[in-house]
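Thanks for opening this one with me.

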There are 2 protein chains.
Amino acid sequence: MSIKALFADYYEFTMLRAYFELNLTQEATFSLFVRKLPAPRNFLLACGLSDLLAEIESLRFGDDEIRYLRSLGDFSEPFLQWLRSFRFSGEIFAMREGTPFFDEEPILEVTAPIAEAQLIETLILNRIGSQTIFASKAARIVAAAQGRPVSDFGARRAQGIDAAILGARAFYLAGVASTSNVASGAAYGLPLEGTMAHSFVEACVSERAAFKGFTKIFPNATLLVDTYDTLAGVENAIAMAKAQGGDRPFRAIRLDSGDLAELSRSARKLLDEAGLSHVAIVASGGLDEHSIERLLADGAPIDAFGVGSDMAASADAPTLDIAYKLTEYAGEPRMKLSAGKRSLPGRKQVFREFSDGVAVRDVIALREETVKGSPLLRPVMIAGRRVKSESLTLAESQNHAREALAALPKDCRGLSAPPAPYPVAISSKLALLEQETRARLQRR
Amino acid sequence: MSIKALFADYYEFTMLRAYFELNLTQEATFSLFVRKLPAPRNFLLACGLSDLLAEIESLRFGDDEIRYLRSLGDFSEPFLQWLRSFRFSGEIFAMREGTPFFDEEPILEVTAPIAEAQLIETLILNRIGSQTIFASKAARIVAAAQGRPVSDFGARRAQGIDAAILGARAFYLAGVASTSNVASGAAYGLPLEGTMAHSFVEACVSERAAFKGFTKIFPNATLLVDTYDTLAGVENAIAMAKAQGGDRPFRAIRLDSGDLAELSRSARKLLDEAGLSHVAIVASGGLDEHSIERLLADGAPIDAFGVGSDMAASADAPTLDIAYKLTEYAGEPRMKLSAGKRSLPGRKQVFREFSDGVAVRDVIALREETVKGSPLLRPVMIAGRRVKSESLTLAESQNHAREALAALPKDCRGLSAPPAPYPVAISSKLALLEQETRARLQRR
């Protein structure tokens, strides 16, 4: 059974049967947006589109899935037959992966016969939501590291294997240099990074023997020095290097516990005095953007960071208030009026206005409007097929993210909330349409 | 390529090569434990064992995986050949799924040739860690609902598809009644729950038409009443029911926004006055254990809850400080001495002592010790094969969780921190071994 074809909320299937039997088959537009950025985020970074489009393009129900759905007793045979021949035939506009975005901005819009657009709701929300969470968190950590490489050590602490593998990709897209996650390396061609674990040191007869044995096999090793006593560990690494007599018997040491600022300074001194100034210092252990910022502000001579839990689960903002809402059906704008849950009607576009290469404001407008600035939503799927010219490689998306992040106002790129949020306006035509639609629905 | 066989940190493979070349092939014991419970948790609920054991039992490297590893340039042919024939041949002791546990208690111990036990580190941490996070959060939400059914609506907000599917299973194990997640229903036979989305209501010519059309097909429907105005929505549902004339034209209404306490009271009154006292009220929309507790304390006549984001990502405690540490190698106890990162040496057991059916304290002891209380770690894999008598069905694990949770002290089961943490002692033999091992390592 292909679990993925069934990855939908049950109500998608019951609604689909209702659309089918009530003959609600006209074209609908659904819009994906985040209602409000999590408090600790100044922007979000769109991520997850590439794999999602491939999944939508190939979404099919096989006999096993149909059999399972039949067993639930809620579905008629004609409906199940229709599902058996399901193909997504619609159109998708979306922001490129690596595009920063803000509250209420549509990041993706689907236009298709309503049942098709409805069925993929859960998949879209899960895919774009989770990977946007990951990329947005990583962008902050990368910013805090001020050009020093960050490696993803989070596979063990992610909320599942899928989160770890897609997370590593999202982190890389946001500027993380490498990952420890071999499965993600294999799936996406990411650079891998590995050091050693305490268990290796403990299994050897002594720490020095561990370092010696490991560097004999891997001369470029990063030696983990905190298994017993960090500075004694550094001295063991130095003594081993001297005994080996080689030129570059190891590449780096890793500090994984204790006062990283203090220990990195002492370790740097020991290494430099031993003529090992080329040996880098890698720090890990409970790091996030704030602790990295503090370490560097404190002048800690750390050359690279390994970040696990906090990035892997975006611990300070693990969920998004992300929604996928009907905004048009049968050519007529739609919206809900529920308290505190605004949705903007119609097919839309987001324009980003720049001044001297810096983004100064976004305007959410109707799709056909011409507004100053660059349109951020691009046609990425037409008639159920991905648009080739919009299929970016991961490296291209990473470049796009770097450039688009660099073009954000400086305030926005920092870790603290900016004095004023980035300005997002709604075009007068869209505002008018919202007002008209609201009035029409209240009369109903 | 089987991504799962490669789901390991890169250092597992470099260490494995080092173990292989340095002839470190003796038996090791690794212990899995949580250093410190997250602040908002009074206990954790073990989860994730069943699928994990199946994955370990069937872990193999095929030609594609070997080819990828070879391409990295860090591995010798003899080592790759050894990996090609890899089988896990070891022994695993673990707590049953659904067992509550506390700080520093081993929840799983692996004994195997060191390379085998090392390789599965990342998989074990990820699987048990994430599913324990999910089950532990769900147990609190179920407790807050005081017997009212809770349904998992989190598929769209989970951190990946894997998190959503395994999450739904973990929630069910912890007492959640049903899920909206069809893929998880299919994978684990979970009861499914579905209502309708705002988009369905919006696509129909009117709310009343939507209710009429939907209940004609699904007489047991739960009608979503807040698309435009919640109480007008309730009145539309009532009017539709009266016009239909049937006995039970719908089963429930769902409130998804606004002041749920106030709206549920008003909706209850309208339904009762219309002779629809059998119609239940389901509430959803940003709920967690605290808001559920407040709603019920406030007397809100809500019969069931749908919970999404906060449960799906365990938003208030999205990660665990979970570790998998070497505690014995070649018959000799091992541990690390890193600052603030204690690990207890040797092979261990956890004994839970009861008084009048209530758990009064746990003792972490050496495995061969006889201590008052029930041993919680059980042999679940021997010589690389699952122990059949320890393979519980999901229903059995759910029963076990219910009974084990009911046996916790009342303080522990509540949402607030208990006046004193649940007592976890270390046996005098284990304390002595820790002391001896520390002294031995410091002499090294």
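1. Let's begin in chain B, where strand β1 (residues 27–34) runs antiparallel to β5(B) and is joined to it by six bridges. Helices (H or I, at least four residues) and strands (E, at least two) are DSSP runs, numbered from the N terminus, and two strands count as paired if DSSP finds at least two bridges between them. Look for B:F30, which stands opposite B:V110 in β5(B).

2. Strand β5(B) has another partner to look at: β3 (residues 91–95) of chain B is linked to β5(B) by four bridges, again antiparallel. Here B:E91 has B:T111 as its bridge partner. How many of the six residues of β5 (108–113) in chain B are buried? Five of them are, so the strand is mostly covered; buried means that 20 or more other C-beta atoms, placed from the backbone, lie within 10 Å of the residue's own.

3. A word on reading the model: it is predicted, so local features need pLDDT of at least 70 and side-chain atom pairs count only at pLDDT 80 or more, while totals for chains, interfaces and linings use all residues. Residues are numbered from 1 along each chain as its sequence is written, and chains are lettered from A and ligands numbered from 1 in the order in which they are written.

4. Next, find the open sheet of six strands in chain B, with parallel pairing and the order β7-β6-β11-β10-β9-β8. At its edges are β7 (178–179) and β8 (222–224) of chain B, each pairing on one side only. Within the sheet, β9 (residues 252–255) and β10 (residues 280–283) of chain B pair in parallel over four bridges, and B:I253 stands opposite B:I281 in β10(B).

5. Now bring in both chains. Chain B superposes on chain A by a rotation of 180° with 0.0 Å of shift along its axis (RMSD 0.0 Å), fitted by least squares on the C-alpha atoms of residues with pLDDT of at least 70 in both. The two copies are thus related as by a two-fold rotation axis. In chain B, the C-alpha nearest that axis belongs to B:D162, 2.7 Å away.

6. Finally, the contact itself: 86 residues of chain B and 86 residues of chain A take part, counting two residues as in contact if their C-beta atoms, placed from the backbone, lie within 7 Å. On the side of chain B that touches chain A, the largest share, eight residues, comes from α1(B).

How values were computed: Buried ≥ 20, exposed ≤ 12 C-beta atoms within 10 Å, placed from the backbone.
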